[in-house]
Amino acid sequence: MNEGKSARVLVVTSGKGGVGKTTSTAALGVALAKDGDKVVVVDFDVGLRNLDLVLGAERRVVFDLINVINGVAKLPQALIRDKRLENLYLLPASQTRDKEALTEDGVAKVIAELRGKFDWIICDSPAGIERGATLAMRHADAAIIVTNPEVSSVRDSDRIIGLLDSKTERAERGECVDKHLLITRYHPWRAARGEMLSIDDVLEILSVPLLGIIPESEEVLRASNVGSPVTLNAALSPPARAYFEAAHRLKGEQIPMHIPSESRSIFNKLFGRKAA
Amino acid sequence: MSSLLCQRQSLTFRARSYMAFVFTPQPPIEDWLAGLDATLERSKGFFAGHPVALDLSAAPLGEAAISQLIASLQERNIRVLGIEGIEPAGIGPGLPPLLRAARGVADIEPLESVPADAPPSAAVNAPAKKQEPASLLVDSPVRSGQSVVFIDGDITVLGSVGSGAEIIAGGSIHIYGTLRGLAMAGASGNPRARIFCHRFEGELVAIGPHYKTADEIEDSLRRGPAQAWLDGDTLKISAMN
């Protein structure tokens, strides 16, 4: 265990569904665990759990987050250790319950207990702005806002950023939740043709510093379907490299940012931006 | 009886002012409703969920006719909060309450520490409130779904106003970022209120009761600095260069 180390609670959130929250949670969890950090990924999508599938742990789920909240199981009984990475754990959601089963006190207790055991606690938020999403972000020190470069996703992200600034414990204490923007499913050629928002447009609208740009890729889909995140299954592929770089930036390293398939480095332009 | 009352915990009443649209129906009511339908056709759901007050000063209706009018509005998903411009006797118990000119409302705490036999004026003479500056400065971006309302004066936003966010000011609105959402100036009836923004991509701008949706605004104005003001009864928007 890591007594004395300070755990960081991250929420991976977006507002809109289908943008890549769960995929990104798993890929970043693997990337941080490969670096030697002790990581737990927590599925908050009660009733529609997926993180167990994406991590290939679906056959080993016995107890879940709701069981721990209700006192049916103890936290160590519900944690599933990854077979490939000994530093990576999963706390699955319940599939048979719904978000009403999440209680504010219960979530607070679970997060507090996890803080004593892990370096990174990554909460995979459900889509929407209701109970599941607000409780997933409630205790976050930092948020990763997953956005696709399209108008609906960007507006929903804007809404979520507003909630991060008002509904989290940090916001209520008058502090700020660190915010990082992760742009996923980026098609360079479609952006060039003007069919998607450009990276500049997204950053201008959301004014949140960029954590990474994940190119759209078959590798990501394939990895999710075989239960092995892309950072494990195809570690040298462009999306995996983008996730590894994002993980290093989370740890405070300065790494130049590249827009996929564009040779021009726009590091100064993008990474230098600050959230307003 | 009075000693019993004194022993009870004193109640504290607070008064608060709210924003509401005011409809002023003109007879014949049928025609007026048709005009309303035309407006609703252009922007569906614009009034849905918002409180609406009825000013009946231009349309002297009987109690039954008022009930019918309120029912017609309800069919259009418009809920009437109160009625003004009518004699109190004209409002039966089944109708929304009468509203009177409601400016300058302060918190009222009449029942605290007032001796039962003291003249009521003792409670009313509250110390004069310090004059607050009539402007509100917002130094962070206004995100989608957020709403900033300041009826007593101007609002200045240093960041951008997101799509689906709204700014409602009694006076003028100044936005130093991009306006992508909704801005309503002059909400307390000031026709000289204006809206200024550094970059205009708004969904709706309004001054007082006059508004334009993005559809009705020239494309050439978009993405540049712009201002909106009232010229008589017409809402005008122009580029600022």
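The structure holds 24 salt bridges over all chains. By salt bridge I mean a side-chain nitrogen of Lys or Arg within 4 Å of a carboxyl oxygen of Asp or Glu.

Ground rules, quickly. This is a predicted model, where local features need pLDDT of at least 70 and side-chain atom pairs count only at pLDDT 80 or more, while totals for chains, interfaces and linings use all residues. Residues are numbered from 1 along each chain as its sequence is written, chains are lettered from A and ligands numbered from 1 in the order in which they are written, and side-chain values use heavy atoms, with hydrogens and water left out.

Let me start with salt bridges inside chain A. Asp52(A) pairs with Arg49(A), and their closest N and O atoms are 2.9 Å apart. Are these two buried or exposed? Both Asp52(A) and Arg49(A) are buried. Buried here is under 20% relative accessible area, exposed is over 50%, and partly exposed is in between, with a 1.4 Å probe and protein chains only.

Next pair. Glu216(A) forms a salt bridge with Arg185(A), with 3.1 Å between the closest N and O atoms. This one links distant parts of the chain, 31 residues apart. Glu216(A) sits in the loop between strand E8 (210-215) and helix H11 (218-225) of chain A, and Arg185(A) sits in strand E7, residues 178-186. Helices (H or I, at least four residues) and strands (E, at least two) are DSSP runs, numbered from the N terminus. Glu216(A) has 29% relative accessibility, so it counts as partly exposed. Arg185(A) is partly exposed too, at 33%.

Now across the chains. Glu204(A) forms a salt bridge with Arg180(B), and the closest N and O atoms are 2.5 Å apart. Where do the two ends lie? Glu204(A) is in helix H10 of chain A, and Arg180(B) is in the loop between strand E8 (173-179) and strand E9 (182-185) of chain B. At 33% relative accessibility, Glu204(A) is partly exposed. Arg180(B), at 8%, is buried. Salt bridges with shared partners join Glu204(A), Arg180(B), Arg199(B) and Glu201(B) into one network.

Stay at the interface. How many salt bridges does the rule find between chain A and chain B? It finds 3. In one of them, the side chains of Arg155(A) and Glu203(B) meet at 3.6 Å, N to O.

Which elements of chain A give two or more residues to the side that touches chain B? They are helix H7 (151-164) and helix H10 (199-206). H7(A) gives the largest share, 5 residues. By residue type, that side divides into 5 nonpolar, 2 polar and 4 charged. Nonpolar covers Ala, Val, Leu, Ile, Met, Phe, Trp, Tyr, Cys and Pro; charged covers Asp, Glu, Lys and Arg; the others, Gly among them, are polar.

In total, 11 residues of chain A are in contact with 12 residues of chain B. Contact means heavy atoms within 4.5 Å. The chains bury about 930 Å² between them, 41% of it on carbon and sulfur atoms. Buried area is the accessible area (1.4 Å probe) that two parts lose on being put together, summed over both.

Two residues to look at. First, Ser14(A), in the loop between strand E1 (8-13) and helix H1 (21-34) of chain A. Its relative accessible area is 0%, so Ser14(A) is buried. A polar atom of its side chain lies 2.5 Å from the backbone oxygen of Lys16(A).

Second, Ile195(B), in strand E10 (residues 195-200) of chain B. Ile195(B) is buried, at 2% relative accessibility. His174(B) is 21 residues away in sequence, and 6.1 Å from Ile195(B) in space, C-alpha to C-alpha. Beyond four places in sequence, the contacts of Ile195(B) include Ile173(B), Ala183(B), Val205(B), Ile207(B) and Gln227(B).

Last, chain B overall. It has 4 helices and 14 strands. Of its 241 residues, 36% are buried.

Conventions
Polar contact = N/O pair within 3.5 Å; in protein donor to acceptor, adjacent residues only side chain to side chain.
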